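Okay, thanks everyone, let's get going.

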Amino acid sequence: MRAVVTRVKSASVEIEGKVNGAIEQGFLVLLGVGPEDNAESAKKLAEKIYHVRVFSDDDGKMNLNLAQVGGSMLVISQFTLYADLKKRRPGFSHAAPPAMANELYEVFMQDLRDLGVTVEHGEFGADMQVESVNDGPVTLCFDTEAL
């Protein structure tokens with residue numbers, strides 16, 4: 001699994017002109033699923049993101065995690081994180097098949113909820129408009145193959 005995680009002051013996702021999910025302080029997570037991923041990958045990634053300490057403490061140092069600041073997550077499915085960019089037009093054959101990707105997207109969000117995170121989300125496969133007010137900015141890339 002791959003995730004691009006941005007620390008945000010706020011983020012929201014609209015589908016067909018209606019807000020589907022919105023958060024204040026927390027993480028905007030763009031999540032891609034690969035063909036080798038499984039429930040264990042989802043759990044490992046959820047825990048890694050949950051525990052990462054990138055929120056500022058009273059001294060302005062990045063020492064606090066999401067739970068310590070009462071943050072939430074907005075999770076957006078993003079198959080393009082598995083794009084093959086060898087040619088000018090990206091190919092997406094390296095992404096998991098849609099049914100598998102959707103299932104693991106749901107598993108990932110449930111793993112976050114099990115950790116106590118408030119999770120908002122987009123809709124798998126939908127055309128979405130995502131807005132965010134990036135904080136810092138702080139953006140991290142996670143790949144379960146490297147964890």
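So, the largest pocket: 20 residues line it, and the ones nearest its centre are Ser77, Gln78, Phe79, Phe124 and Gly125. Keep in mind that this is a predicted model. The volume of that pocket comes out at about 360 Å³. Which elements give two or more residues to its lining? They are strand S3, residues 26-32, strand S6, residues 72-77, helix H2, residues 98-114, and strand S8, residues 128-143. And what is the lining made of, in terms of nonpolar, polar and charged residues? We get 15 nonpolar and five polar, with no charged ones.

Next, the inside. In soluble globular proteins, nonpolar side chains tend to be buried together. Here, the largest nonpolar core has 29 residues, and the members that touch the most others are Phe27, Val29, Leu31, Ile49, Met73, Val75 and Phe108. At least two residues each come from strand S1 (2-15), S3, helix H1 (39-51), S6, H2 and S8. H2 gives the largest share of this core, with six residues.

Let's pick one of those members, Phe27. Skipping residues up to four places away in sequence, Phe27 touches quite a list, including Val5, Val8, Ile49, Val54, Leu66 and Met73. There's also a second, separate core of nine residues, and Val8, Val13, Ile15 and Leu28 are among them.

Now a polar residue, Thr6, which sits in strand S1. Is Thr6 buried or exposed? Buried, because its relative accessibility is 10%, and the cut-off for buried is under 20%. What does its side chain pair up with? The side chain of Thr6 makes a polar contact of 3.3 Å with the side chain of Thr139. Setting aside neighbours within four places in sequence, Thr6 is also in contact with residues including Gly26, Phe27, Leu28, Asn134 and Val138.

Last stop, Leu140, over in strand S8. Which residues does Leu140 contact, leaving out neighbours within four places in sequence? Those are Ala3, Val4, Val5, Val52 and Val54. And if you want a distance to look for on the screen, take Leu140 and Thr80: they're 60 residues apart along the chain, and their C-alpha atoms are separated by 17 Å.

Terms used:
Residues numbered from 1 in each chain as written. Predicted model: local features only at pLDDT ≥ 70, side-chain atom pairs only at ≥ 80, totals over all residues. Heavy atoms only, no water. 1 Å grid on protein atoms, 1.4 Å probe; cavity = no way out; pocket = protein on both sides within 12 Å on 5 of 7 lines; lining within 4 Å. Points joined across faces, edges and corners; volume = space filled by probe spheres on them. Helix = DSSP H or I, 4+ residues; strand = E, 2+ residues; numbered from the N terminus. Nonpolar A, V, L, I, M, F, W, Y, C, P; charged D, E, K, R; others polar. Core = buried A, V, L, I, M, F, W, Y, C linked by side-chain atoms within 4.5 Å. Buried < 20%, exposed > 50% of the residue type's maximum accessible area, 1.4 Å probe, protein only. Contact = heavy atoms within 4.5 Å. Polar contact = N/O pair within 3.5 Å; in protein donor to acceptor, adjacent residues only side chain to side chain.
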